[in-house]
Amino acid sequence: MPIDYEADPAVSNLRNYLRIRSVHPNVNYDGCIAYLRAQAAEIGLSVSVCEPLPKKPILVMTWEGTEPSLPSILLNSHMDVVPVFEKSWTHPPFEAHLVDGMIYGRGAQDMKSVAVQYIEAVRRLKANGIRLKRTLHLSFVPDEEIGGATGMGEFVKTEDFRKLNVGFALDEGIASPTDEYQIFSGERTIWHLKIDCPGKSGHGSLLLPDNNGEKIRYMIDRLMDLRAESKKQLADHPDWNIGDVTSVNLTMLSGGIQNNVVPELLTASFDIRIALSVDQKQFEDTIKRWCVEAGNGVSYSFEQRDPYVVPTKLDASNPFWVAFKAASDELKISLKQCTFPGGTDSRYLRELGIPAIGFSPMNRTVPGLHEHDEHLSAQVYLRGIQLYEKIIPAVANV
Ligand code: ZN
C-alpha cells in the first residue's frame, strides 16, 4: 500500500506555500507574509515584520528560550523563487502537484521546502512540550535570488536585526544525490570583472598598430587558461566539488560599430568565483600584470567585487557545530563538508562574524534548483523535518 501523502498536513502545508507566486521579477511578498503570519499564529510564535526597503518585508517568528539573554539561533530562508519557463514544465510550477510521491513546484528544493521544514519541526517540538534554552528566530527574507542585497543585505544593517542577538544560523544548502547530506561552511568570492581594451581605430582592411583585437585575445587567453586549470584540477580530484576551485566564465563581449571599422574600444566581462584557497591580493596583482602584458591602455574594473568572507569553522572551537555534528551522529546520517558554489544569504551573516551553516536536508535527491519541473520527494521532505527535530534542539541547547 503506497503512503498517502495527500493526507499529510506537513505535505499540504508545503504545497500551500509553493502555490504562492513569489516569483521574480518584481515579487509581491504579500501572499508569503499572510501565509507565514497564519503559520505563526497556529503554532503560537510571535511575529514581527520589518521593511528596511519598501515592499521588501522581512518576517521573523520568535520562540523565546528559557535563557533569552543568550545569543539566539536563526533559522533563515528566503521567500522568493526564480522565474520559470512555464511551457517547459510537465507539472504547472505553482500548483504543487503531488504525483507518485513527488511534490512539483518552483521552490520545492530552493527553498520553500526548508522553510516549511523549520516550521513543522518547531510545531512538533512545541506540541511535545519541549522548551529550548536559546531563543529561536525563524527569518523569512526577500530577494535572495537577486543577490540578497535588498533582502538580508539590508536586514543585517538594521536595529531589528541587531536586537535578535544571533549567535548561530542555519541557512540553505543544496540537495545531494547520494546518501550523504551536504554541509556548507563558506562560499567562494564573487568578482564580476570587466576588461577594457582601447586601441587605434581605423580601416578594417589594414594591419594597424595598437590593435585591441590582439589585446582582448591576450586577456581572454589568460583567463581561459585559468579556466582550463580549474577544470583539470576537478578532473584530477574526483572528490572535489565546483566550490573547491576558481570558476571563470566569459559572460559578455561588446564593442564595434561596423564591420569595416576597427573600433576604439572592445570590452570583455567575466564572472569569476574565487576559491577560498586563493590569495585575492595576489590574484588581483596577476590580473593587473596581464593587463600590462596585453598592451597599451588595457585596464580592468569590477562590476561586482565581494569581499573575502571568512568561512565558518567546523571544528571543536565552534560549539554549535559540535552540537550539530553530535545530533547528526545520533541520527546516523553522514555529512559531507563543501564550499557553496554560488552565493547565499549566509555570507551577510558570516561577514558579521556570525557562524552560519548551509544545510538543506535533502539526500538521495538530484539537485533541481532553478530547473524545469523542480521537485522533491515527499519522503525526503518528511525525513528532513525529523532531522530538524533533533538538530534544532541540539544547537539551541548549546
Ligand atoms: Zn535558494
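Let me begin with a pair of side chains: E389 and R124 form a salt bridge, and their closest N and O atoms are 3.2 Å apart, where a salt bridge is a side-chain nitrogen of Lys or Arg within 4 Å of a carboxyl oxygen of Asp or Glu. Because E389 belongs to helix α10 and R124 to helix α3 (residues 112-127), this pair ties together parts that are 265 residues apart in sequence. Helices (H or I, at least four residues) and strands (E, at least two) are DSSP runs, numbered from the N terminus.

Before I go on, a word on what we are looking at: this is a predicted model, in which local features need pLDDT of at least 70 and side-chain atom pairs count only at pLDDT 80 or more, while totals for chains, interfaces and linings use all residues. Residues are numbered from 1 along each chain as its sequence is written, and side-chain values use heavy atoms, with hydrogens and water left out.

Staying with the charges, a search of the whole structure finds 21 salt bridges. Side chains of opposite charge can pair when their charged atoms come close. Is R124 buried, exposed or partly exposed? With a relative accessibility of 27%, R124 counts as partly exposed, since buried means under 20% relative accessible area, exposed over 50%, and partly exposed in between (1.4 Å probe, protein chains only).

A second pair is R162 with E159, whose side chains meet in a salt bridge at 2.7 Å, N to O. These two are three residues apart in helix α5 (residues 159-164), so about one helical turn separates them. R162 is exposed, with a relative accessible area of 54%, whereas E159, at 42%, counts as partly exposed.

Now let us turn to the interior. In soluble globular proteins, nonpolar side chains tend to be buried together. A nonpolar core is a set of buried Ala, Val, Leu, Ile, Met, Phe, Trp, Tyr and Cys residues joined through side-chain atoms within 4.5 Å. Which residues touch the most other members of the largest nonpolar core? They are Y17, L136, F140 and F324, in a core of 68 residues, and the largest share of this core, 11 residues, comes from helix α10 (residues 378-396). Apart from it lies another core, of 21 residues, including I220, L226, F270 and V298. If we leave aside its neighbours within four places in sequence, L136 is in contact (heavy atoms within 4.5 Å) with M61, T62, W63, I73, L75, V122, I392 and A396.

Next come the strands, which pair if DSSP finds at least two bridges between them. Strand β7 (residues 166-171) is largely enclosed by the rest of the structure, because six of its six residues are buried. It pairs in the parallel sense with strand β3 (residues 72-78) over four bridges, and V166 in β7 is the bridge partner of S72. Three bridges also join β7 to strand β16 (residues 356-358), again in parallel, with D171 standing opposite G358.

Elsewhere, an open sheet of three strands has the order β4-β5-β17, with antiparallel pairing, and its edge strands, β4 (98-99) and β17 (375-377), each pair on one side only. Three bridges join strand β5 (residues 102-104) to β17, where I103 stands opposite L376.

Finally, the domains, whose bounds come from an automatic or database domain assignment. The assignment gives domain 1 (5-187 + 311-396) and domain 2 (189-275 + 277-305), and their C-alpha centres lie 37 Å apart. How many residues does each domain bring to the contact? Domain 1 brings eight residues and domain 2 brings seven residues. The area buried between them is about 510 Å², of which carbon and sulfur atoms give 42%; buried area is the accessible area (1.4 Å probe) that two parts lose on being put together, summed over both. K336, T339 and P341 supply 59% of the area that domain 1 buries against domain 2, more than any other three residues, and the count of salt bridges between the two domains is zero.
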